[in-house]
There are 2 protein chains.
Amino acid sequence: MSTIIAQEQSDLHLQQIMSDLDNNALYDARGHLQGLHPAEIALLLSSLPIDYRNQIWGIIAPEMMGSVLVILQGEVRTGLIEQATAQNLIDATSELDINDLAVLVGDFPAFVREKVLEKKGDSRLETALTYDGRTAAGVMDINVLTIQADLTVEAVLQFLREQPKIAANMDSLVVVDEDNKYRGMVHLPTLLTSDIHIVVSSIMELDKAIALNMAVADVALLFEQRDILSAAVIDEHGVVKGRVTIDDVLDIVRDEAEHVVLSSAGLDEEHDLFSPVLVSARRRAVWLGVNLFTAFLASWVIGLFEATIAEIVALAVLMPIVASMGGIAGSQTLTLVIRGLALHQISPSNSMKFLGKEIAIGAVNGVVWSIVVATLASLWFSSWGLGLMLGGAMIINLCCASLAGVLIPLFLQKKGIDPALAGGVLLTTVTDVIGFMSFLGLATIFLTN
Amino acid sequence: MSTIIAQEQSDLHLQQIMSDLDNNALYDARGHLQGLHPAEIALLLSSLPIDYRNQIWGIIAPEMMGSVLVILQGEVRTGLIEQATAQNLIDATSELDINDLAVLVGDFPAFVREKVLEKKGDSRLETALTYDGRTAAGVMDINVLTIQADLTVEAVLQFLREQPKIAANMDSLVVVDEDNKYRGMVHLPTLLTSDIHIVVSSIMELDKAIALNMAVADVALLFEQRDILSAAVIDEHGVVKGRVTIDDVLDIVRDEAEHVVLSSAGLDEEHDLFSPVLVSARRRAVWLGVNLFTAFLASWVIGLFEATIAEIVALAVLMPIVASMGGIAGSQTLTLVIRGLALHQISPSNSMKFLGKEIAIGAVNGVVWSIVVATLASLWFSSWGLGLMLGGAMIINLCCASLAGVLIPLFLQKKGIDPALAGGVLLTTVTDVIGFMSFLGLATIFLTN
């Protein structure tokens, strides 16, 4: 009956726990943790500065630790694993199913991992550990209930009733032939509303199955396009190896989206808001260094025109405008192309038509805004010549920005480099260099003696 | 049995259709469309330049049009609705269920919408049209199967078998009392494995229900945290009004992610890659105009130091480095904060701790890179004074960038402004202004006569 106002509630938990710890009231903190869902504890842990986090981790029951670790990601997870004793980790895994284990034990220290594998004694777990996390195999559920196509609905219902426990996210059964090769899917609602004497083959859907090595991004697109809740995963012989469910797909989509946003700022792996200052600083320094290279390149271009600037100082005042407007226009195009590539909307067949359209937009906005900018600059410095140079440079830079905004991500994708990571910095290099060069170059030709 | 390599396949469709149209082979194009899933046709249409798109739209059967329009978004959808005749639209809606209709008819011309509403004669549809699309009410499924808590499993199974058709994405039944107030959920797998003589109340889960006005972002977080496939939506009296399913949540997460990426480039609503040049140009011009204002502000700051630059031209060469490095460092912090706010990881309780950490990172990287930059600049211009000023300005700007990267999104969120939209441009204003002012100001104080 109760409803949730998520944000306020999670802040309330955080506030209580932080004040408990500030007052050394570990007993109260433990009380506040009771009744929280593992997902709430996971959110709480990832929102806590590391010293608070480790204290809370110390008072969480081992049987809760496993579910919490499965939900957490990246550094927050590995940091907490480091803080736990080997025995705690082994206890933490005892309640987990084989899929959660496969997600988790890869992050465990080697000797703990081996103990867990030994204890479970399930060869599927060792196989699962070898799968690539960026493919369907890496995200699939290896517990899959299969049924034969020639069973009747009645027999299937009977079979299900004999199962000890069916996963709550089970929406359909995978239909196979006698060699365990994929035939189709039977959705539970269909099963529930069909005549019990009918055979499975006549009510199954011929949904497409997914190959083990299908990229997770493509898996996600398939689910979104087809509005399906689960799909069978098959090997190259058509043998059913597992199933992907939509809750995994939700995680994929969220991760992909985060990847795009974070990597555009060179932050791909920073999953811990409170990682130590020096760790964060070193990681971000790489990106600053890359940018420094492009900034020096732009400065070098400006340096070529020192004599011109010495003669007309107003050029130095106005030159950032050209570079900045080019950067904005280019990043608009770049953003659309990166998104279009991810959604498969842009491909070799239509990219030239799109390029044409983007350059036309660049030209239109170049002309419009260069008139505004040229007028303002001319009035400011009482020089129509200066305004003309500024306007001309802006038109050149906005057209080049559109061109670069389309071609850079296409080129990067072809070379197998992530456009979301490298696209922005390359684009800025182009728009800075061309912006400064066109403005200062035009001024050198037409305005200096 | 077949597997899919999504990208190549969608490009193949696109290539075939474009070449059919280039050759005026409409009959072949129609052949190529046959057998495509509505989602594939939707992707194809949104990947086609507008003239091609309208030709294809003309040869799609009306009964297919409805499903395709439901999948499409924004301008692509409204553009195609404009191209269709009123009769086509009415025919297109005849096969759609009430939820799809609610999504679609809002975009229809008023007189067509009224005709459709009249034809359906379902008052729930008119109610659904009044719901806010950014709340649970706006995305929920209004067809919901409810059962009473005192029924036996056997009675429920019998009841289901009598239903004409159950939605394929039905994973659970909503349990209500005699006033249709929410009691809990029964998952189909539980129903299938329970003793048939047991009553529903003893197997139902007490999952939390969602309020009609819960924001879609919070709905998505709830689904992700709880790994649920559907949830009941209730009004303020606890009466069940519908249910939200995970496939809707997948769309929410995708839309949210797109919103963050697109709005950072001022592109929020640009859903059509091939919208007309002037339409796109006008929309993007707004963002360029906003940026122009900040660019002029930066130029004005530089202009304050014209005399200093006239004396030391090297300042003009080096000054973009300070602004650029500040912009990069600030955007790293900004990106983390926007993401942290969206995931509810950052809240008033921990924001000051986070701010402290970010400023420390800014200081560390400021010191490290200012040493590099100062050395390079000193060697380039044979002036240790110049290098010192550059290094000092960089430390100041990187610390201010961290501060702004945390405070700007927190401030914007408090004011109800979307940080993803306005954060970047405000941050750049700060880092440009402080970058130029600190470098040129230090130089004016210490290097000029």
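Which residue stands opposite B:Ala211 in β5(B)? I looked, and B:Ile234 is the one.

Before going on, I noted that this is a predicted model, where local features need pLDDT of at least 70, side-chain atom pairs count only at pLDDT 80 or more, and totals for chains, interfaces and linings use all residues. Residues are numbered from 1 along each chain as its sequence is written, while chains are lettered from A and ligands numbered from 1 in the order in which they are written.

**The sheet.** I found an open sheet of three strands in chain B, ordered β4-β5-β6, with mixed pairing. Its edge strands are β4 (210-211) and β6 (240-245) of chain B, each pairing on one side only. I then checked β4(B) against β5 (residues 230-234) of chain B: they pair in the parallel sense over two bridges. My terms: strands pair if DSSP finds at least two bridges between them; helices (H or I, at least four residues) and strands (E, at least two) are DSSP runs, numbered from the N terminus.

**The two copies.** I superposed chain B on chain A: a rotation of 180° with 0.0 Å of shift along its axis does it, at RMSD 0.1 Å. So the copies are related as by a two-fold rotation axis.

**Where they meet.** I got 117 residues from chain B and 117 residues from chain A in the contact (C-beta atoms, placed from the backbone, within 7 Å). Helix α17 (residues 277-303) of chain B gives the most to chain B's side, with 16 residues.

Conventions
Copies are superposed by least squares on the C-alpha atoms of residues with pLDDT of at least 70 in both. Two residues are in contact if their C-beta atoms, placed from the backbone, lie within 7 Å.
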